[in-house]
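Dear colleague,

Please find below the structure for your review. My notes on its pockets and nonpolar cores follow.

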Amino acid sequence: MRRYLAGRLGQAVVVLWAAYTVSFLVLDFLPGDPVSAMAAGGLDQAAADPAQLEALRREYGFDQPILVQYLNYLGRAVRGDFGNSVATGRPVTSTLADALPYTLQLTAAALALAVLLGGALALYATYTGRRWLRQLLLSLPALGVSLPTFWTGLMLVQLVSFRLHLLPAFGDEGAASLILPAVTLAVPTGAMFAQVLAKSLLTTLADPYVQTARAKGAGRIRVHLRHASRNAALPALTMAGILVGNLMAGAVVVETVFARNGVGRETVAAVTVQDIPVVQGVVVFGALTFVLANLAVDLIYPLLDPRIVVARPRSTG
């Protein structure tokens, strides 16, 4: 188990390093002068004063060779220091820390809805004996995946908020304002989760050990929930870890549509004005979220299937 955990932690470190390095290189190779864009707020580069540009280059280390810049920024990033936002002058870590609770609230609610509704759909679709109903239910996830997130959000706002006046359309005040954004974000996520779980359940239900359980007199519900679901959950669990990263990406769109505070809106604002320190901080934060989610999945795997952990060979000496 120690070797298994050490290997996963090593992979997590590599992913974080790769995410930071790729983001650094991409931002460096962008056309134009990033210092001019930052000094002018990303809009009118001609408005920047030459003295101000030189001061910014020295402040952010852009007057040094690219390798020196990379090593300096990487060393600071390892300590959790991504510098200050050009747009606001605040530390990047403080900016993200203020926005993080709103995004975590949204993504946690969306993930809970996605797993609950997607899991229920997959379980019932593979349990029902009515062929037409099964085919109908199994076709719903494909529809959910194909719907653009922004379109789903706008339709919910138009119907639920403007026509029925049931829930607030915008803002992030109270639990009521969280429902529509969470549902919007949960629709494609739950659809993908349902697709994977339903396919895995159908495959598992055809395995010999399931037929043996039925031959011994186990009821359909017991076979479905106790015997088949545990093994079928492994691919779905893998998908759940990946979907956490998708939720963070989807939060950018949802927070913009519903005018909510959060990391998504900070990302949009930073990209608009080419606020490079904030963009790099967001990239690393997204990679860290993905890594932690998949690390949690890797740790849960052995609990569901102990065969995943390969035992260390005993010494023969």
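**Pockets and cores**

By residue class, the largest pocket is lined by 14 nonpolar residues, three polar ones and no charged ones. Please bear in mind that the model is predicted. The space in this largest pocket comes to about 360 Å³. Its lining has 17 residues, with Ala 77, Phe 82, Val 284, Phe 285 and Leu 288 nearest the centre of the pocket. Two or more lining residues are given by each of helix H1 (2-29), helix H4 (66-78), helix H5 (92-127) and helix H12 (276-304).

The second largest pocket holds about 230 Å³ of space. Of its 13 lining residues, Leu 117, Ala 186, Val 187, Gly 190 and Ala 191 are the closest to its centre. H5, helix H6 (131-146) and helix H8 (176-205) supply at least two lining residues each, and the largest share, five residues, belongs to H8. The classes here are ten nonpolar, three polar and no charged residues.

Turning to the cores, the largest nonpolar core comprises 20 residues. Within it, Tyr 20, Tyr 70, Phe 82, Val 92, Val 263, Val 278 and Val 282 have the most contacts. At least two of its residues come from each of H1, H4, H5, helix H11 (263-272) and H12; H12 provides the largest share, with six. Leaving aside residues up to four places away in sequence, Val 263 touches Ala 99, Leu 100, Thr 103, Glu 255, Val 282 and Phe 285. Another core, of 18 residues, lies apart from the largest one and includes Ala 110, Ala 186, Leu 247 and Phe 258.

With kind regards

Notes: Residues numbered from 1 in each chain as written. Predicted model: local features only at pLDDT ≥ 70, side-chain atom pairs only at ≥ 80, totals over all residues. Heavy atoms only, no water. 1 Å grid on protein atoms, 1.4 Å probe; cavity = no way out; pocket = protein on both sides within 12 Å on 5 of 7 lines; lining within 4 Å. Points joined across faces, edges and corners; volume = space filled by probe spheres on them. Helix = DSSP H or I, 4+ residues; strand = E, 2+ residues; numbered from the N terminus. Nonpolar A, V, L, I, M, F, W, Y, C, P; charged D, E, K, R; others polar. Core = buried A, V, L, I, M, F, W, Y, C linked by side-chain atoms within 4.5 Å. Buried < 20%, exposed > 50% of the residue type's maximum accessible area, 1.4 Å probe, protein only. Contact = heavy atoms within 4.5 Å.
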